[in-house]
Amino acid sequence: MAGEYNVTYITLDGHVELQRYRYLYFVIMFTAYVLIICSNSTIVCIIVLHRNLHEPMYMFIAALLINSVLFSSAIYPKLLIDFLSEKQIISHSACLFQWFIYYSFNGSEFFLLAAMAYDRYVSICKPLQYPNIMRKTTVKMLLILAWLLPACQVSVPMIVSANKKLCHFNLKGIICNSTVQKLYCVTSRLVFLYGIVVLVVSVLSLVLFILFTYIRIVIVCYRSSQEVRRKAAQTCLPHLLVLINFTCLVSFDVSITRLETDFPKTVRLIMSLQILLFHPLCNPIIYGLKMKEINKQLKRLFCKRV
């Protein structure tokens with residue numbers, strides 16, 4: 001529908017019984033948002049403040065947690081406003097921006113997980129070469145690429161779609177993702193194919209690379225001492241848990257948007273909330289409990305205050 005000043009608005013039609021449960025939705029999501037900000041920021045501060053944690057592995061963990069904070073801060077405020085609003089609408093330009101943020105930060109997550117896997121591979125399989133390979137400049141370059149490359153990839157379909165004409169104005173979702181493509185009068189086959197290529201080249205190739213590195217690590221650990229196996233399990237297990245968790249959640253998104261699976265409205269809402277809620281909350285819990293040095297600093301921090 002067209003509003004004042006020729007601004008085109010899209011209705012977010014993915015909410016379930018919002019009139020009845022709006023305050024419950026708001027309290028749950030607001031609490032989750034506060035927990036996401038506090039838990040992720042706490043571990044990031046611990047890594048920044050303690051010099052013994054200024055190692056590549058912990059730098060990548062900090063970057064991953066910062067990525068979750070930025071992602072949540074870009075999505076949650078609009079979501080919370082919608083829960084309390086009579087109409088759940090968003091302008092076309094804001095919808096495209098949200099789409100860009102959604103896939104850009106999700107893409108960065110895979111790149112960061114791949115960088116972490118490479119770091120563990122070099123540390124365990126090539127320990128003598130580790131200081132020369134994982135230098136500060138290498139870490140900085142990997143971090144820059146992890147945020148820059150997905151942003152460039154996602155910006156292409158967003159720019160192409162910016163001036164396209166809308167024929168439908170109801171989006172089946174609570175946030176804007178690639179389902180916005182279904183609202184246009186003419187669906188661009190080129191944009192669809194581009195999305196498939198990016199999915200295969202960027203996401204699947206990174207997942208295969210991560211699996212390859214961890215398989216190599218398992219082979220090396222199997223031939224090594226029990227102490228090496230124990231240390232490898234301590235550092236690699238959290239990364240694998242995060243990877244499995246995130247890959248499962250992304251597969252939900254792909255099944256909804258790319259495969260055009262006709263899920264019931266409630267199931268679609270639950271899947272969307274899992275991506276927004278579950279993963280940003282799980283990361284600090286996994287790294288806080290499973291990473292020995294981070295866990296030690298967390299215990300010191302909270303034991304002092306008790």
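Biologist: Is Glu17 buried, partly exposed or exposed, and at what relative accessibility?

Modeller: This is a predicted model, and in it Glu17 counts as partly exposed because its relative accessibility is 45%. The residue lies in the loop between β1 (9-12) and α1.

Biologist: With which residue does Glu17 form a salt bridge?

Modeller: A salt bridge requires a side-chain nitrogen of Lys or Arg within 4 Å of a carboxyl oxygen of Asp or Glu. The partner of Glu17 is Arg20, and their closest N and O atoms are 3.4 Å apart. Arg20 counts as exposed because its relative accessibility is 62%.

Biologist: How many salt bridges are there by this rule?

Modeller: The count comes to four. One of them joins Asp119 to Arg120, with 2.9 Å between the closest N and O atoms. Asp119 is buried at a relative accessible area of 0%, and Arg120 is buried at 7%.

Biologist: Where do Glu293 and Lys296 lie?

Modeller: An α-helix has 3.6 residues a turn, so residues three or four places apart point the same way. Both Glu293 and Lys296 belong to helix α9 (residues 292-305) and are three residues apart, about one turn of the helix. Their side chains meet in a salt bridge of 3.4 Å, N to O. Glu293 is partly exposed at 23% relative accessibility, and Lys296 is partly exposed at 32%.

Biologist: How should I read the length of a helix, and how far does α1 reach from its first C-alpha to its last?

Modeller: One compares the span with the value expected at 1.5 Å a residue. For α1, which has 32 residues, the reach is 43 Å, close to the expected 46 Å. The helix also bends, by about 35°, at Leu24. Among the buried residues of α1 are Leu18, Arg22, Tyr25, Met29, Tyr33 and Asn40.

Biologist: How many residues of α2 are buried?

Modeller: Of the 29 residues of α2, 21 are buried, so this helix is largely enclosed by the rest of the structure. Helix α2 covers residues 56-84, and its end C-alpha atoms are 43 Å apart, which agrees with the 42 Å it should span. A kink of about 30° lies at Tyr76, shortly before the proline Pro77.

Biologist: How is an aromatic pair read, and how many such pairs are there?

Modeller: Two rings pair if their centres lie within 6.5 Å, and the angle between the planes then gives the type. By this rule there are five aromatic pairs. One of them, Phe26 with Phe30, is stacked, at 5.9 Å centre to centre and 5° between the planes. Phe26 and Phe30 are separated by about one helical turn because they are four residues apart in helix α1 (residues 18-49). Phe26 is partly exposed at 24% relative accessible area, as is Phe30 at 40%.

In another pair, the rings of Tyr102 and Tyr103 have centres 4.8 Å apart and planes at 90°, so this pair is edge-to-face.

Biologist: Are Tyr102 and Tyr103 buried or exposed?

Modeller: Tyr102 and Tyr103 are both buried. Ring pairs also link these two tyrosines with Phe71 into a cluster.

Biologist: Which residues form a nonpolar patch on the surface?

Modeller: A patch is read as a group of residues taken together. Here the group is Phe192, Leu193, Ile196, Val197, Val200, Val201 and Leu204, with about 570 Å² of accessible area together. Val200 has its place in helix α6 (residues 189-222) and counts as partly exposed, at 43% relative accessibility.

Biologist: How many residues apart along the chain are Lys290 and Pro238, and what separates their C-alpha atoms?

Modeller: Sequence separation and spatial separation are read side by side. Lys290 and Pro238 are 52 residues apart along the chain, and 6.1 Å separates their C-alpha atoms. Lys290 is in helix α8 (residues 265-290) and is partly exposed, with a relative accessible area of 42%.

Note on methods. Residues are numbered from 1 along each chain as its sequence is written. This is a predicted model: local features need pLDDT of at least 70, side-chain atom pairs count only at pLDDT 80 or more; totals for chains, interfaces and linings use all residues. Side-chain values use heavy atoms; hydrogens and water are left out. Patches are made of residues with over 30% relative accessible area and no salt bridge: like charges are joined within 9 Å, nonpolar side chains (Val, Leu, Ile, Met, Phe, Trp, Tyr) within 5 Å. Accessible areas come from the Shrake-Rupley method with a 1.4 Å probe; for residues, only the protein chains shown count as cover. Helices (H or I, at least four residues) and strands (E, at least two) are DSSP runs, numbered from the N terminus. Buried means under 20% relative accessible area, exposed over 50%, partly exposed in between (1.4 Å probe, protein chains only). Rings of Phe, Tyr and Trp (its six-membered ring) pair if their centres lie within 6.5 Å; planes under 30 degrees apart count as stacked, over 60 as edge-to-face and the rest as tilted. The expected span of a helix is 1.5 Å times one less than its number of residues. The bend at a residue is the angle between axes fitted to the seven residues ending there and the seven starting there.
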